[in-house]
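This report describes the contacts between side chains and the pairing of strands in one structure.

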Amino acid sequence: SRLIYECSKSIPGFCFEKQLPTRVGHTANLDGYLSSPTEDVFVEAKCREIYSSHKTIEVSNVYEEIYKELQKLYPEFSFKNNGRPIKNGKEDNEHFKCTFKFDGEEIVHFDIKQLICHFLAISANLLENEHANKKIKFVYLIFNPKYNTCFENEKISSYRERIIERRNKTIDEIGKFDMEQLFKSIFEIQAKRLGLEGKKDSLFEFHLADQDNYK
């Protein structure tokens with residue numbers, strides 16, 4: 001929150017914490033949103049989140065059908081259902097443990113689950129909202145700890161190489177995806193679910209940024 005606030009507070013009309021329904025599960029919370037006469041800009045900001053593992057995560061049952069449809073339209077993407085999580089000694093029948101893959105390799109650091117939810121929400125908004133811009137720009141903002149001031153703390157400094165390596169691995173995982181094709185596939189799935197096939201199309205751009213080139 002601090003990262004996107006510091007980067008965006010001087011941008012006129014910028015909206016923090018934009019909420020949009022996914023029309024599948026819960027509401028998506030996008031970190032930032034900016035509307036112009038020609039495009040809608042959405043921002044997701046990451047700072048320390050990329051340093052934890054997303055290798056196996058809990059997902060609501062309602063998304064399994066979305067993932068199945070997605071891997072048909074975008075074959076490089078796949079997922080594995082690893083069974084039910086255990087909560088309070090009992091199986092949680094509303095969720096499943098999920099591992100995502102790209103070309104058969106596990107996605108460990110990139111939160112692809114969240115991005116799919118965001119793309120579902122943006123697609124639904126574009127399809128259902130007559131005021132939504134056809135052109136979508138999605139900015140994925142990841143803090144870059146490239147300055148010495150990031151490592152003034154002695155303990156943090158001792159992890160410097162591992163921190164930089166983890167960030168680079170996350171960016172490598174993101175770079176494997178053709179984001180325009182991913183969005184197009186999710187848009188097609190959403191249009192079919194909402195009964196709005198052929199009613200609208202979209203122009204989509206994905207931009208990876210850090211705090212220096214974000215604006």
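## A charge over a ring

Lys18 places its charged end over the ring of Tyr33, at 4.6 Å from the ring centre. The model is predicted, and this holds for everything that follows.

## Strands

Strand S1 (residues 15-21) pairs with S2 in the antiparallel sense, over six bridges. Within this pairing, Phe16 stands opposite Gly32 in S2. The hairpin of S1 and S2 has five residues between the strands, and Arg23 takes a positive phi there, near 65°.

Strand S10 takes part in two pairings. With S3, S10 pairs in the parallel sense over seven bridges. Glu44 has Tyr140 in S10 as its bridge partner. With strand S11 (residues 203-209), S10 also pairs in the parallel sense, over seven bridges. Here Lys135 has Leu203 in S11 as its bridge partner. How much of S10 is covered? Six of its eight residues are buried, so that the strand is mostly covered.

## Salt bridges

Side chains of opposite charge can pair when their charged atoms come close. The structure holds 16 salt bridges. Three of them are set out below.

| Salt bridge | N to O distance | Relative accessibility |
|---|---|---|
| Lys137 and Glu39 | 3.5 Å | Glu39 14% |
| Glu44 and Lys46 | 3.3 Å | Glu44 3%, Lys46 5% |
| Lys87 and Asp92 | 3.4 Å | Lys87 38%, Asp92 11% |

Glu39 counts as buried because its relative accessibility is 14%, and buried means under 20%.

The salt bridge of Glu44 and Lys46 has its closest N and O atoms 3.3 Å apart. Glu44 counts as buried at 3% relative accessibility, and Lys46 counts as buried at 5%.

## Aromatic pairs

How many aromatic pairs does the structure hold? A search of the whole structure finds 22. In one of these pairs, the rings of Phe77 and Phe100 have their centres 6.0 Å apart and their planes at 35°, so the pair is tilted. Phe77 belongs to strand S5 (residues 77-81) and Phe100 to strand S8 (residues 95-102), so the pair ties together parts that are 23 residues apart in sequence. Both Phe77 and Phe100 are buried.

Phe119 and Phe183 form an edge-to-face pair, with 5.3 Å from centre to centre and 80° between the planes. This pair links distant parts of the chain, as Phe119 is in helix H3 (residues 112-128) and Phe183 is in helix H6 (residues 179-193), 64 residues apart. Phe119 is buried, with a relative accessible area of 0%, and Phe183 also counts as buried at 0%.

Phe119 and Phe183 are both members of a cluster linked by ring pairs.

## Nonpolar cores

The largest nonpolar core has 48 residues, of which Tyr67, Phe138, Phe177 and Leu182 touch the most other members. H3 supplies the largest share of this core, ten residues. Which residues does Leu182 touch? Leaving aside residues up to four places away in sequence, Leu182 touches Leu70, Tyr74, Ile112, Leu115, Phe119 and Phe177.

Another core lies apart from the largest one. This core has eleven residues, among them Val41, Val43, Val139 and Leu141.

Note on methods:
Residues numbered from 1 in each chain as written. Predicted model: local features only at pLDDT ≥ 70, side-chain atom pairs only at ≥ 80, totals over all residues. Heavy atoms only, no water. Phe/Tyr/Trp six-rings, centres within 6.5 Å; stacked < 30°, edge-to-face > 60°. Helix = DSSP H or I, 4+ residues; strand = E, 2+ residues; numbered from the N terminus. Buried < 20%, exposed > 50% of the residue type's maximum accessible area, 1.4 Å probe, protein only. Lys NZ or Arg CZ within 6 Å of the ring centre and 35° of its normal. Core = buried A, V, L, I, M, F, W, Y, C linked by side-chain atoms within 4.5 Å. Contact = heavy atoms within 4.5 Å. Salt bridge = Lys/Arg side-chain N within 4 Å of Asp/Glu carboxyl O. Pairing = 2+ DSSP bridges.
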